[in-house]
Amino acid sequence: MGKNWVEKYRPKRFSEIKGQELAVEKITEFIDKFPKNKKKAIVLHGPPGVGKTTLAHVISLEKNSEIFELNASDLRNKKKLQAILRPAMEQRSLLKEKKIILVDEVDGISVADWGGLAELMSLIEKTNFPVIITANDIWSQKLNVLRKKSELIQLKEINYNLIKDILIQVLRSENKFIDNDTITKISIRAKGDMRAALNDLQTVAGLETPSEMVLDERNKEIDIFNAMRLIFKNKPTNDLLSLFDSVKMSLDDIILWMEENISAEYSGEELAKAFEMLSKVDVFKGRIYKQQYWRFMVYENIFLSYGISAAKKDIKTGFTNYQKPTRKLKIWLNNQRSKKKKTIAEKYAKHVHVSQKRAMNEFPIIKQILTSNDIRKELRLDEEEIAYLEK
Ligand SMILES: Nc1ncnc2c1ncn2[C@@H]1O[C@H](COP(=O)(O)OP(=O)(O)O)[C@@H](O)[C@H]1O
Ligand SMILES: [Mg+2]
């Protein structure tokens, strides 16, 4: 497992942050002015992968400040919040003179935890240190109060030309070559999300023949790579439940990919749990085929995405080069094919009144007989059966 490029190339200085000049200027003003600001908190908001978290860390580095970071799950518990955040806001910094409080991804907080949010609002009134908050969607109703109590800075999607520049720099540092066309495609596909662009780049760079990768909206491999990354690397969230809807691949193929790559990410107890989930997927798959009960597909999907994601103890760092399920795919395809052989033999046996077993044994001869189109029609062979005979 290699280092994740998203972490490896996270900007450390203002000069490395691209396309967010206005945001850099505004946050610098906010920090420099502190504590004379009317509002003691600032919200960096915008879509994923545009540099919100990065900007908060970079300003603390540039201003030689200590950073005290907490996320939405820390806000869950009001008492815990009082126990950790309040002292952090009141006490002087131990190591450095300056301190910045960062509340990352505040909109990840759920309705049930509004108490924590309210507590945060009251702490903002009294803080001795500047508070930086990040959010994807600042307009959500639960953030009404926060919007009033904070200064707002919007970070915009990063222009694809800038994304392309960054990708080229990264390839240079990595001593890797990818053709210009593919780099352009990755940059456009990212739709302003630098994290997505870096992940796609690292995936493509790990392939044997990067230039053969056709990167369009319908690209199946990239989609399954990203889906697996979300499932294996991150904490399980409800978003995972619909994740495979956007992967344009049959659920059977997705199962093969997941099965192939579980052991690259999990080991020990996690591995056992993940395979248990996979076997549940198989159980439902069996029921679907036997009982034609398509609703079970929902469960199949849940075990495969959320179930396998939840099998891990902690989130995974690093970059994994996921593998194509070639071997297993072949076994599976062979099984599908031998199923065809069986159904053909079955039809033939019925028609000429011999046993199925005999038909299977004499299959090479039957195959000869079945070169005739008329006989194929008489036996009512379907397209797949005919395709099997013509292989
Ligand atoms: N403006 C930017 N300039 C350069 N790199 C960026 C920029 N924004 C994001 N990145 C890259 O994308 C990754 C994710 O950025 P991050 O700040 O975590 O995004 P956000 O918090 O907005 O979702 C970073 O590690 C960095 O490599
Ligand atoms: Mg972030």
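Arg10 is partly exposed, with a relative accessible area of 25%, where partly exposed lies between buried (under 20% relative accessible area) and exposed (over 50%), for a 1.4 Å probe and protein chains only. This is a predicted model, in which local features need pLDDT of at least 70 and side-chain atom pairs count only at pLDDT 80 or more, while totals for chains, interfaces and linings use all residues. Residues are numbered from 1 along each chain as its sequence is written, and side-chain values use heavy atoms, leaving out hydrogens and water.

**Salt bridges overall**
- A search of the whole structure finds 16 salt bridges, each being a side-chain nitrogen of Lys or Arg within 4 Å of a carboxyl oxygen of Asp or Glu.
- Salt bridges that share partners join Arg189, Asp200 and Asp223 into one network.

**Partly exposed pairs**
- Arg10 forms a salt bridge with Glu7 at 3.2 Å, N to O, and Glu7 is partly exposed at 42% relative accessibility.
- Arg13 and Glu62 meet through their side chains in a salt bridge of 3.6 Å, N to O; because Arg13 lies in the loop between α1 (5-8) and α2 (21-33) and Glu62 in helix α3 (residues 52-62), this pair ties together parts 49 residues apart in sequence.
- Helices here are DSSP runs (H or I, at least four residues), numbered from the N terminus.
- Arg13 has a relative accessible area of 38%, and Glu62 one of 30%.

**A buried pair**
- Asp252 and Lys285 form a salt bridge at 3.5 Å, N to O, and the pair ties together helix α11 (residues 251-265), which holds Asp252, and helix α12 (residues 268-291), which holds Lys285.
- Asp252 is buried at 15% relative accessible area, and Lys285 is buried at 16%.

Methods:
Chains are lettered from A and ligands numbered from 1 in the order in which they are written. Helices (H or I, at least four residues) and strands (E, at least two) are DSSP runs, numbered from the N terminus.
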